[in-house]
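Hi,

Here is the structure we talked about handing over.

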Amino acid sequence: MTYSARGADRSAIQFASAIRDRTLAALGEPPSTAIIHQIAEEIHAGSPQTSRLKCMRLANGWTVEEAIERFHGMCDRAGIKRRGLSERSWREWEAGARPDREYTDLLCRLFETGPVQLGFARDYTPEEARRAHAAAGAADPVEDAAREVSEHAEEVENSELGAGALERLRTQVVWVGRRYVWESPLPLFVEMRVLQEQTRKALDRRIHPGQAQDLYFLTGALCGLMANASMDMGRRLPADTLARAAWTYGRIAGHTSLMGWSRGMQASVALWDRRYEDSFRYAGDALTHLNSGSGGARLYMLRARSAAMLGRTEEAREALLRAEEARSRGGRDELHDEIAGEFAFRPAKQHYYAAVTHLHLGDASRAIREAAESIALYSTDERENRSYGCEAMARAHMAIAYVMEDDQEGAEQAVAPLLELPPDRRIDSLGATLAASRSLVSDRMARQIEGFCSVGLTHTLAASDQRRLSP
């Protein structure tokens, strides 16, 4: 497959996914066969170059491998001898090849349709005859429409998810996000996972379309919190996977703030993974969804940090200015300002990000001032807004800036409070930052840092895993 062919295939899949997600979100219940056929028709109408067989597969949300598994499962249930269906054959059919009569019949069974709808045959019925047939089949369209609407309204009215249950789930998401600011990540991650299972199960029940939108948002918010916790525990790949899932749920819910935040989380993961170009690109994409208020300020700051790491001084400075402008423009949103907690991007955190950026731009004195401002704001803020992780990171970068200024005493004073952090709060990025400075500091401070890094959150997590696996 050529590069352009792969690009076209990705575009078709993304287009089909958008149609399917939108239809299912509005439906609020498992789709019927008729709905699946309707989705397939809409995909083909918007992407006529995509074969009808492929449209039908994408309408079901299956990969080729999953479609083949479903095919074999259907044969087993019907007592039909399994065929040696291969992925290559399936892809050839989707590319325009015609299966033999026996396979055509089985594929029609699988998708509960006919060969015309799968693109294996042509319908030669004249257009006027089709219209006449359709009219004959609708004896009383007004009565039929009234009956259908009435039946659907009864189903909606009997929704199994009450408003109280949805309110309870939202409150729990808000509370766990706010507690994350001052509590240890590991037990909260377990709690988030349980809570997310509840939101996903709620989505499987009969619910209003509006409830589905709220549940997709809450599920995505939990994915975001779990991504953040994964990062703090040194698990970057799961963090990126969870951030992508958060973005997908945000897209389905039509929640641009969650989409922007999630791309920003991917930018943060890429930063710590030293994929600075990816980080810069993710932050730029995030800003297409969210570019004002505290959420927009966060994304500009992430772009500034990645630009600084790439040595793009002017772009970094420009992003720093844009962050200030975004915050000054205001604009509250549900995620950053109402749920807040770990999703909030308060001035103290912005000063911490600015300290990191100036440090990588080589301006140690400015980095010290920004870090000092961050620490001062955290020290006077209320407990629920005082992020121990960000405050600790501000101190760690301040220590490095002092070292760059050849001020070992200042560095030791900045690090001293960090040494008191309990192991379950020594997040991975903090240990990594301090470890990187060991070769620059005094021998005494290097030993302190080594001792600090030897017992951290990642070690707590490893011990927890070992206890769980022990007989």
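Predicted model: local features only at pLDDT ≥ 70, side-chain atom pairs only at ≥ 80, totals over all residues.

Residues are numbered from 1 along each chain as its sequence is written, and side-chain values use heavy atoms, with hydrogens and water left out.

The largest pocket has a volume of about 690 Å³. (On a 1 Å grid over the protein atoms alone, a pocket is an open set of points with protein on both sides within 12 Å along at least five of seven lines, a cavity is a set where a 1.4 Å probe fits but cannot get out, and lining residues have an atom within 4 Å of a point. Points are joined across faces, edges and corners, and a volume is the space filled by probe spheres set on them.) The pocket is lined by 32 residues, with R20, L24, P30, P31 and N60 nearest its centre. Helix α10 gives the most to this lining, 4 residues; others that supply at least two include α1 (3–27) and α12 (236–253). (Helices are DSSP runs of H or I, at least four residues, numbered from the N terminus.) By class, the pocket lining has 15 nonpolar, 6 polar and 11 charged residues. (Ala, Val, Leu, Ile, Met, Phe, Trp, Tyr, Cys and Pro count as nonpolar, Asp, Glu, Lys and Arg as charged, and the others, Gly among them, as polar.)

There is also 1 cavity of 30 Å³ or more, and the largest cavity holds about 380 Å³ of space. Its lining has 24 residues, and N228, D232, E342, K349 and C390 are the closest to the centre. That lining splits into 14 nonpolar, 5 polar and 5 charged.

On packing, look at α16 (residues 313–329) and α18 (residues 347–360): their axes, lines fitted to C-alpha atoms over the stretch in contact, come within 11 Å. They cross at roughly 170° (angles run from 0 to 180 degrees between N-to-C directions), so the two helices are roughly antiparallel (over 145 degrees). Among the residues that meet (heavy atoms within 4.5 Å) are A316 and L320 in α16, and P347 and A354 in α18.

Finally, the count comes to 21 salt bridges (a side-chain nitrogen of Lys or Arg within 4 Å of a carboxyl oxygen of Asp or Glu). One of them joins E87 and R91, at 3.0 Å from N to O. These two are 4 residues apart in helix α5 (residues 87–94), so about one helical turn separates them.

Cheers

Definitions and conventions. Parallel < 35°, antiparallel > 145°, perpendicular 65-115°, else oblique.
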